[in-house]
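Let's take a walk through a protein model together. Have a look at the sequence and the fold first, then read on.

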Amino acid sequence: MADEANIASDWRVAIERHLGLINQVNEAPTVVEADIAVHALQDTAIRGLMTLPGIDVTVAASLAAAIGDTRRFSDPQSLVAYLGLYAERAAVR
């Protein structure tokens, strides 16, 4: 019986350690997202993108990173096509 108690105790310790690691892994993205939000909200382009319905800080930061310098697009339609949102122009890229 003593051996069974030790095994059960060992399992309990291992499970608690693994649950602690799982909690750390689950919390890490929240910390990273909060850090990104703090920096992203300082960018006027990101704040502007966030005025669009359904665009939160994460999506706005991703779009801003994908788009880069908007001056590289000759017109708004080129930008929309670059993002794949304008079917006729997207095929021409």
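Here is a short tour, from the overall fold to a few details.

## Ground rules

This is a predicted model, in which local features need pLDDT of at least 70 and side-chain atom pairs count only at pLDDT 80 or more, while totals for chains, interfaces and linings use all residues. Residues are numbered from 1 along each chain as its sequence is written, and side-chain values use heavy atoms, with hydrogens and water left out.

## The overall fold

The protein has five helices and zero strands, so you can read it as α-α-α-α-α along the sequence. Helices here are DSSP runs (H or I, at least four residues), strands are E runs of at least two, and both are numbered from the N terminus.

Of the 93 residues, 15% are buried. Buried means under 20% relative accessible area, exposed means over 50%, and partly exposed is in between (1.4 Å probe, protein chains only).

## A look at helix H3

Which residues of H3 are buried? They are Val57, Ala60, Ala61 and Ile67. Seen down the axis of H3, these buried residues fall within an arc of 135 degrees, so they line one face of the helix; the arc is taken from the directions from the helix axis to the C-beta atoms. There's a handy rule behind this kind of pattern: an α-helix has 3.6 residues a turn, so residues three or four places apart point the same way.

Now for the ends of H3. Asp56 caps the N-terminal end, with a side-chain oxygen 3.2 Å from the backbone nitrogen of Thr58. After H3 comes Gly68, which has a positive phi, near 70 degrees.

Ile36 belongs to helix H1 (residues 2-40) and is partly exposed, at 42% relative accessibility.

## The largest pocket

The largest pocket holds about 160 Å³ of space. Asp43, Ala45, Leu49, Ala64, Ile67, Gly68, Thr70 and Leu79 line this pocket, and the elements giving two or more residues to the lining are helix H2 (44-49) and helix H3 (57-67).

A pocket is an open set of points on a 1 Å grid over the protein atoms alone, where a 1.4 Å probe fits, with protein on both sides within 12 Å along at least five of seven lines; lining residues have an atom within 4 Å of a point. The volume is the space filled by probe spheres set on the points, which are joined across faces, edges and corners.

Technical notes:
Polar contact = N/O pair within 3.5 Å; in protein donor to acceptor, adjacent residues only side chain to side chain.
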